[in-house]
Amino acid sequence: MKHLKIIFLILIMSLLSGLCRCQSMMDKGANIQFCAAGTLLNTKDQIISKLRYKGHAPGISLSIHQNDKNDFYFADLNYEKGFYSSKGYFNSGMKRIDHLGLRAQLAYFRSFRERKRGLQWQFFFGGLLSGLVDRNEVLDFSNSRNLTYVFLDIAPSIAARRPFRLFNRNCQFSGLLSIPIAAYTWTPQYGVPYFNGRYYSRFQSFGHYFRIRTRAALHCELSASAKAFFLSYEWDYRQLSSKNKVQNAAQRFAIGLLIYIL
Amino acid sequence: MKKIGFYTVVGLLLWSCEQTLIKDEGTTNPQAVFDDLWQTMHDKYALFDYKHIDWDSLRGVYRPQMQNAHTEKGEFEILSSLLSELQDGHVNLYSPFATWGWSIPSIENLSFTSINRNYAKRGYQVNGGLIHGWLGDGSGIAYIRIEHFNQPIGGIDEVLKKYAQSKGVILDVRDNGGGLIKNAQKLSDRFADKRRLVLKQFYKKGPGHTDFTKGYEVYTRPWGSFYYDKPIVLLSNRRCYSATSYFCVLMKALPRVTMVGDKTGGGSGIPIDYILVNGWRIRFPASYATDAEGVNFESGVPPDLWIETETDKWQQGADPYMATAKKIILGP
């Protein structure tokens, strides 16, 4: 019951932060977006410990968007590399936990509440296919263990966008909320040795795999013809409890440049 | 400004929600530390059944003692005592102030001084972790010693080419405490004649004491520029542990290899580690392995030819293992 309340609370907050805020597209044809991102990581992996540990990972991202009046789609690729630290680890010979994250996403959205005119909210419904590789290498004084998780999930999603004028420039808020309904995972075995580790791959049911992702973005045109800058914030929470319980939360802050190609 | 305030509040709510979802269970409470260690071992240690250990009853013995420990060092002593019941050389407890481990009882039955003085009179060379030379008695027997498997074995092809015309090779792994299995496997593969099943590995797949995966089969994979087809005698003792026990299993499966000496120290499980809720670390095996016939070699790999260790002979500088190895290679 307590968990249901928390999930409900997250849903409400995600709706608020996702829908009332932002996503990433200007209503203006195809564009490419480059950005530098900084991610705050928060993880607990029972293969390693019951301790929660925090991390930082700078990264880069490349996206291609196609925006039309009544639909949009995008493909993006993220790469991040950083490390976790926790006071608990360094007491007992643990050097560090290195983190590598790779993510590819494909999405298609269609408007279900059309914009009749001018500066209004527009709402979309769509699907998001996401592939994620999360690799944490636990380094201690004599050995290392690779804990690699691969997730492939498909999620019905909703998005919203609202154009507005700021300092005489065209700007746009956008938001996205995504909750997967099906996932295929590739995860380390129950006890992961220093070497000869095995992996399990399987479809995960909703009870064992839960993920929620919200993204908010603000775009503002720099010039009417070619460029815009954007700021975005993403919160991505993931929980897997089929063997060992693993929880990850990532807060990704990004700043980037958008270039129109059509 | 109102909007900025609203978004900041929502962001902070998300952040606090995240802290609620991912609870940090870190604590220095002695009972909680004990429970974390006991439960983790209960769920993931692979050898309770093999060793006939009643882990539940040990909890009843040691957990009450934690209340009277009073100091971290006292807690460390109690946890070490609990782990010592396993009598497992792959089990360790690490804290900022001490490390605990268990050693297999063994006797002195190797003297490199004796080998250098009485057998390797013509000196030795060192190549990529291999210490090798001709026996100095003109018998035409090569002697190769491997002290550990921590690093990849380099130059084995060149070393074997050097001894291609020898009558046989003595491979001495006594007192080799182990290292990486892949290094041991790479070296044993160099002596392999063909692909053959040599061992099976079983990994924990759930918290039950008998929850194991199917046996993952390991095969020899011959490599190298030529096949060494002379007799090989492998010398072992109780101080051969972990990857060295693997090496002995792999070598014993090959033709022309005779294992001589004492049973190895065992150590078939591959260790994992885990951080306890107070930041200390434990290390323990979460798997075990058997030879091709299905015999778990956790307690040691028996030799083909067992040699009784007579302490007085060792003290006189003799090495009965070396003498026996020579007899096997040269024949009657």
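**Note on selected elements of chain B**

1. Just after helix α11(B), G331(B) adopts a positive phi of about 80 degrees. The model under review is predicted. Within α11 of chain B, which spans residues 320–330, the buried residues are P320(B), Y321(B), M322(B), T324(B), A325(B), K326(B) and I329(B).

2. An open sheet of chain B is built from three strands in the order β8-β7-β13, with antiparallel pairing. From one strand to the next, the twist averages 25 degrees.

3. Strand β7 of chain B (residues 197–203) is joined to β13(B) by five bridges, and the two run antiparallel. Opposite F202(B) stands Y288(B) of β13(B). Helix α9 of chain B (residues 243–252) packs on the sheet, where it touches β7 and β13 of chain B. The direction of α9(B) makes about 140 degrees with that of β7(B).

4. Helix α9(B) also packs with helix α8 of chain B (residues 181–190), at an angle of about 25 degrees and with the axes 9 Å apart. As the angle is under 35 degrees, α8(B) and α9(B) are therefore roughly parallel to each other. Their crossing is right-handed.

5. On the α8(B) side, the contact is made by I181(B), A184(B), Q185(B), L187(B) and S188(B); α9(B) contributes A243(B), Y246(B), F247(B), L250(B) and M251(B). Of the residues in this contact of α8(B) with α9(B), eight are nonpolar, two are polar and none is charged.

Key:
Residues numbered from 1 in each chain as written. Chains lettered and ligands numbered in written order. Predicted model: local features only at pLDDT ≥ 70, side-chain atom pairs only at ≥ 80, totals over all residues. Heavy atoms only, no water. Pairing = 2+ DSSP bridges. Helix = DSSP H or I, 4+ residues; strand = E, 2+ residues; numbered from the N terminus. Axes fitted to C-alpha atoms, helices over the stretch in contact; angles between N-to-C directions. Contact = heavy atoms within 4.5 Å. Buried < 20%, exposed > 50% of the residue type's maximum accessible area, 1.4 Å probe, protein only. Parallel < 35°, antiparallel > 145°, perpendicular 65-115°, else oblique. Left-handed = near helix turned anticlockwise from the far one by under 90°. Nonpolar A, V, L, I, M, F, W, Y, C, P; charged D, E, K, R; others polar.
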